[in-house]
Amino acid sequence: LRGSGSAPAMSQSTPRRIRQLHRHLLTTHRGPTGPAAAAAESIGDLRTPALVLRLDVAAANVARMQARADSLGCALRPHVKTHKTLELGALQTGGTRRRITVSTLAEAQFFADGGFDDILYAVPITPDKLGEAAALTRRLDAFHVICDHPTQLEAILALPRPAPDKPWSVFIMVDCGYHRVSVCPLPAAACWLLLTGQRPGRRMEWIPTPQRRWRWRRRWRRR
């Protein structure tokens, strides 16, 4: 970011936890030789890349998303791939540090190291990543992978449970009109995957709809 204006101030009405996080993000940055802390009075004082945001706005967005999910009777599973910070992940989950979505196994490891659990790796799994996924399944209370093709599911079915008390947890990604990835939403295709997956040591979970596909579907319905 370019600019030299003052950092946005937190009002006294802002929750104390948000004000503390705001101070932490303003006073910590990565120096040229490693982690370093310095007082940042303006955006121009920050070494890039640096995260700069209005935490009061972020908190309001999180509250609005949670209220929307509650009104629909849904469990919210926020994505953390954009900010990649433990602090904002905690904010998104209401401090529970549970039920998040990641886009890489490195992100999953990072958030697991930071005390997060119930993590969904929201990219169709490939066989070369199943070893690491199994380790995360053993380590965490809940870790989930995604399939969108029979060969991915067959690779999982060929493996034993990650642990005697830990079955694989598999989500099936369904195409809702974007035609980029995911399973065709025909009953035959969906039933084949579901029936194939119902074997000892595997647990089939709910079917997510990626946000981009949902936005496309909303636009299509308005035509």
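Is F110 buried, partly exposed or exposed? F110 counts as partly exposed, because its relative accessibility is 38%. Here, buried means under 20% relative accessible area, exposed means over 50%, and partly exposed lies in between (1.4 Å probe, protein chains only).

The model is predicted; local features need pLDDT of at least 70, side-chain atom pairs count only at pLDDT 80 or more, and totals for chains, interfaces and linings use all residues. Residues are numbered from 1 along each chain as its sequence is written, and side-chain values use heavy atoms, with hydrogens and water left out.

Confidence was examined next. The predictor's confidence in each residue is given as pLDDT, from 0 to 100. The protein chain has an average pLDDT of 75. A score of at least 70 is reached by 61% of the residues. Residues 1-8 have a pLDDT below 50. Beyond near neighbours in sequence, this stretch makes 17 contacts in the model, a contact being heavy atoms within 4.5 Å. Residues 211-223 also have a pLDDT below 50. For that stretch, 14 contacts are found beyond near neighbours in sequence. Where pLDDT is low, the predicted coordinates should not be read in detail.

The structure holds two aromatic pairs. Rings of Phe, Tyr and Trp (its six-membered ring) pair if their centres lie within 6.5 Å; planes under 30 degrees apart count as stacked, over 60 as edge-to-face and the rest as tilted. F110 and F111 are edge-to-face, at 5.2 Å centre to centre and 85° between the planes. F111 and F116 have ring centres 5.1 Å apart and planes at 90°, so this pair is edge-to-face. F110, F111 and F116 form one aromatic cluster. Within it, F111 is buried at 0% relative accessibility. F116 is buried at 1%.

Strand β6 spans residues 168-172. Helices (H or I, at least four residues) and strands (E, at least two) are DSSP runs, numbered from the N terminus. Five of the five residues in β6 are buried. In a regular strand the side chains alternate between the two faces of the sheet. W168, V170 and I172 lie on one side of β6, and S169 and F171 on the other. Both faces are covered.

Strand β5 (residues 143-147) pairs with β6 in the parallel sense over three bridges. Two strands pair if DSSP finds at least two bridges between them. I146 has F171 as its bridge partner in β6. Together, β5, helix α6 (residues 150-157) and β6 make a right-handed β-α-β unit. A crossover is right-handed if, with the strands pointing away from the viewer, the path from the first strand over the helix to the second runs clockwise.
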